[in-house]
Amino acid sequence: MGNYRFHTPDGVSDMLPEECRTKRALEQKLRKLFAAGGYSEVETPGIEFFDVYASGNFVSQENLYKLSDQDGRILSLRYDGTIPVARLAATVFRDAPPPLRLSYIENMYRFSESGGGRQREFCQAGVELLGLSSTQADAEVIALAISSALKIGITDLQISIGQSEFFKGLMEEWDIPTEDAEEISRHIDQKDTVALEKAADRYGLSASAKETLMLIPALFGTYDTLDAFAERVTNQRAKAALQNVREILDILDDYGYTKYVSVDLGMLRSLDYYTGMIFKGFTYEVGFPIISGGRYDKVVSVFGRDLAAVGFSLSLNLCMTALRRQGREFLPMAADAVLGYSSEPGMRKLALAMAEDLRKAGQSVLVDCEGMDEEQLSSFAEERNIDQVIFLHDSQNCCEGENVK
Amino acid sequence: MTDMITIALSKGRLAEQAIDLLEAAGYDCSAAREKSRRLILEDEKAGLRFIMAKPADVPTYVEYGCADIGVVGKDTLLEEGRQLYEVIDLGFGACRMCVCGPAALKGKLDQIPNKRVASKYPHITRSYFEGTKRESVEIIKLNGSVELAPLIGLAEVIVDIVESGRTLRENGLDVLEVIADISARVIVNRVSMKMKAQSIMPMLDAIRAQLAKQKEQGEEVPSV
């Protein structure tokens with residue numbers, strides 16, 4: 001057996017002052033933004049019963065951190081924000097009149113799918129809008145996701161919008177059973193046209209149906225993409241899905257967000273989970289989406305209340321990585337001033353009072369606890385990038401110096 | 001705006017074939033032809049950067065966005081199971097992923113309970129036997145010369161790629177079942193596809209056009 005006392009487990013890491021301060025500042029910006037939009041923040045427990053995640057079959061058990069309580073019941077660390085909030089909406093808020101607007105900023109715990117590199121503990125900020133199935137609600141959530149990214153400094157942003165109902169409608173029209181539809185959706189999601197073509201032949205799709213199918217992973221644009229598909233489909237469900245996306249684009253234009261948005265009907269992950277529009281947000285310098293969201297009207301019903309739901313989550317850790325790689329410097333954490341004092345009687349009291357005054361004025365001040373003399377204090381400040389050095393000799397003589405970097 | 005495109009290639013023959021194709025498609029790949037031990041080869045003017053990686057690592061570089069595009073065998077993709085776009089079948093590097101064993105087992109494979117299967121591809125093996133065939137097997141991971149395993153009793157059968165089948169035959173083995181057709185694929189990172197669409201889409205189109213042209217001319221797969 002190894003001795004792991006010097007190590008942290010796989011997928012977790014310490015957050016050092018500079019990074020931590022940046023993260024807190026970003027969290028604060030998002031918290032304000034969510035609150036300004038009328039979303040109330042909640043905190044759900046870091047540990048849930050395993051059943052909370054297992055009952056809906058939305059999460060595969062391999063990805064959950066599991067432990068057990070003293071009665072032998074299986075518990076799971078918080079895997080995402082949506083499912084606990086859905087539990088809240090159906091239980092604690094059972095009598096609350098919809099709509100509910102809730103938000104969270106919390107750490108999530110996941111065994112990453114393929115291991116290696118990706119963090120297993122990471123912070124997500126997100127919102128859930130429960131009890132509304134309107135297109136306006138869809139658009140509100142996407143707009144808030146865009147505002148969130150912009151607010152924390154991600155300006156190179158691309159949002160792709162898809163619609164799971166479009167694909168489900170097509171499968172219905174072509175009479176393809178659910179299990180096979182899942183396989184086809186996987187090929188589309190991976191843009192694997194080779195496998196897709198083979199599948200189309202296997203199901204004996206007509207030439208025009210096959211053409212439509214092959215277009216799904218290939219086409220992404222805006223209204224033009226919607227027009228291209230609108231001409232090709234007759235199924236009501238698929239048509240309604242296209243109309244939903246069209247209206248979302250219209251509303252996002254009212255928000256002034258058109259330039260960030262495009263349509264990609266080939267985004268087809270977790271078809272069991274999503275029941276309407278799906279969206280993802282991308283930026284430069286990170287290989288994974290920073291934002292993920294959509295409509296999942298069946299999730300709350302797992303907990304016994306029939307409630308429509310739409311929401312998104314933004315990965316703060318990925319955003320910070322992106323910001324750093326895009327050249328946004330994180331400011332090093334340094335106190336504004338360091339204050340020392342001589343051993344003359346009464347100087348300590350004077351120094352402590354002075355530090356308090358400066359702190360009240362909003363400065364961060366370190367008070368020397370080691371009895372340093374003026375020279376030692378200066379080099380201490382220099383080592384730590386502290387701008388201002390104050391040394392109290394006696395009640396008449398206070399020496400202030402600027403630390404020249 | 002044109003973005004710098006990073007391409008991860010599988011060191012060896014696959015890389016050379018990929019470079020031939022890209023050049024034929026009109027991209028200046030002289031940087032990648034440089035004979036050196038450097039692992040990153042960059043041509044700022046052409047806007048291309050090449051990473052030379054072990055085949056099994058190519059999907060990893062692309063999934064994490066360290067490379068925008070990669071060229072790698074379908075066998076590696078199946079084994080690694082990563083989240084990326086698999087956009088073009090290049091056709092070269094063609095072979096098959098097969099279950100192989102003594103010819104005597106032909107057609108009788110299902111009669112052996114709790115088979116031991118040796119393979120360099122434990123994930124493909126697991127998903128084929130457990131997912132497709134719905135049977136439990138014991139998988140023995142080996143790193144090469146997998147044909148040895150059934151000969152000396154380590155396993156009943158193996159899962160491996162078969163090109164000409166010569167190694168199999170010379171060792172008294174045969175293909176028992178075909179799992180999948182394998183060839184080289186172009187893969188793209190999911191974010192790059194969106195963020196660098198202006199550079200990546202034309203490149204994919206040029207590759208597709210070149211492949212179509214070669215097919216039309218009845219040209220053989222570029223040989224090295």
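Six residues of domain 1 of chain B are in contact with seven residues of domain 2 of chain B. Contact means that the C-beta atoms, placed from the backbone, lie within 7 Å. For the classes, Ala, Val, Leu, Ile, Met, Phe, Trp, Tyr, Cys and Pro are nonpolar; Asp, Glu, Lys and Arg are charged; the others, Gly among them, are polar. Domain 1 of chain B covers 5–93 + 183–216, and domain 2 covers 95–181. Those bounds come from an automatic or database domain assignment. The C-alpha centres of the two domains of chain B lie 30 Å apart.

A word on the model. It is predicted: local features need pLDDT of at least 70, side-chain atom pairs count only at pLDDT 80 or more, and totals for chains, interfaces and linings use all residues. Residues are numbered from 1 along each chain as its sequence is written, with chains lettered from A and ligands numbered from 1 in the order in which they are written.

Next, chain A against chain B. Here 15 residues of chain A are in contact with 13 residues of chain B. On the chain A side, β7 (158–163) and α7 (193–202) each supply at least two residues. That side has six nonpolar, seven polar and two charged residues.

Now the sheet in chain A. It is open, has eight strands and mixed pairing, and runs β1-β5-β6-β11-β10-β9-β7-β8. Helices (H or I, at least four residues) and strands (E, at least two) are DSSP runs, numbered from the N terminus. Strands pair if DSSP finds at least two bridges between them. The edge strands of chain A are β1 (40–41) and β8 (261–263). Five bridges join β10 (291–295) to β11 (309–315) in chain A, running antiparallel. One bridge pairs A:G294 with A:G311.

Last, two helices of chain A. How do α4 and α10 cross? The axes of α4 (135–151) and α10 (236–255) come within 9 Å and cross at roughly 50°. Axes are lines fitted to C-alpha atoms, for helices over the stretch in contact; angles run from 0 to 180 degrees between N-to-C directions. So α4(A) and α10(A) are oblique. Under 35 degrees is roughly parallel, over 145 roughly antiparallel, 65 to 115 roughly perpendicular, and the rest oblique. Residues of α4(A) in the contact include A:I142 and A:A143; those of α10(A) include A:I251 and A:L252. By class, this contact has seven nonpolar, three polar and two charged residues.

Technical notes
Two residues are in contact if their C-beta atoms, placed from the backbone, lie within 7 Å.
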